[in-house]
Amino acid sequence: MTWINKPNDFTNEVLKTFDKKTKNVLGFGLQRIVVGSAVNSGAFRGNTRVSIDSADDGFDETIVDKSGASTIAKGGAVIASVKSSAGHVFYFQNNAPYGYRLEMGWSPQPTSHNLFALTAQAMKNKFDAEFGR
């Protein structure tokens, strides 16, 4: 008896689909955080960081990105850099000294209130939808 489709082919296809859908959810989260973040000088938006398997505690006030395009591109490159997302932990963070206050609603820009918390919930919902749960 010979296999028409080898079991390894099925496993590889499942992993490829999982990876594509997971990276789609991660990209969605990154874009939502960056686009929804408060913009004054652009330093908060520019310091949104994506890291894999360990937190990135950096902050550099000279990194500014009012449009968010550069930050999204940089974070997207980090997400794309991992061959397979399975088994990895992805971190989205912003270490601006005033970041906690923005998250807690101190900004007059309404989109920044609970931005990370609401994005985490939206990512969970998108993940569930992507995987039919």
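Tutor: The answer below begins with the salt bridges and then turns to a surface patch, a loop residue and a pocket.

Please keep in mind that the model is predicted. A search of the whole structure finds six salt bridges, and three of these can be described in turn, including one in helix 1.

In helix 1, which covers residues 7-36, K16 and E13 lie three residues apart, about one turn of the helix. These two residues form a salt bridge whose closest N and O atoms are 3.8 Å apart. K16 has a relative accessible area of 55%, and since exposed means over 50%, K16 is therefore exposed. E13 has a relative accessibility of 42% and so counts as partly exposed.

A further salt bridge links D56 with R49, with 3.3 Å between the closest N and O atoms. Here D56 is partly exposed, because its relative accessible area is 25%. R49, by contrast, counts as buried at 16% relative accessibility, because buried means under 20%.

D128 counts as buried, at 13% relative accessibility, whereas K124 is partly exposed at 43%. Salt bridges that share partners also join K124 and D128 with R133 in one network.

Y100, M104 and W106 make a nonpolar surface patch of about 430 Å². M104 belongs to the loop between helix 4 (99-103) and helix 5 (115-130), and with a relative accessible area of 39% M104 is partly exposed.

Another loop, between strand 1 (48-52) and helix 3 (69-81), holds E61. This residue, E61, counts as exposed at 62% relative accessibility. Although E61 and G42 are 19 residues apart along the chain, their C-alpha atoms are separated by 9.1 Å.

The largest pocket holds about 180 Å³ of space. Its lining divides into seven nonpolar residues, five polar residues and no charged residues.

Notes: Residues numbered from 1 in each chain as written. Predicted model: local features only at pLDDT ≥ 70, side-chain atom pairs only at ≥ 80, totals over all residues. Heavy atoms only, no water. Patch = residues over 30% accessible without salt bridge, like charges linked within 9 Å, V, L, I, M, F, W, Y side chains within 5 Å. Areas by Shrake-Rupley, 256 points an atom, 1.4 Å probe, with all protein chains shown as cover. Salt bridge = Lys/Arg side-chain N within 4 Å of Asp/Glu carboxyl O. Helix = DSSP H or I, 4+ residues; strand = E, 2+ residues; numbered from the N terminus. Buried < 20%, exposed > 50% of the residue type's maximum accessible area, 1.4 Å probe, protein only. 1 Å grid on protein atoms, 1.4 Å probe; cavity = no way out; pocket = protein on both sides within 12 Å on 5 of 7 lines; lining within 4 Å. Points joined across faces, edges and corners; volume = space filled by probe spheres on them. Nonpolar A, V, L, I, M, F, W, Y, C, P; charged D, E, K, R; others polar.
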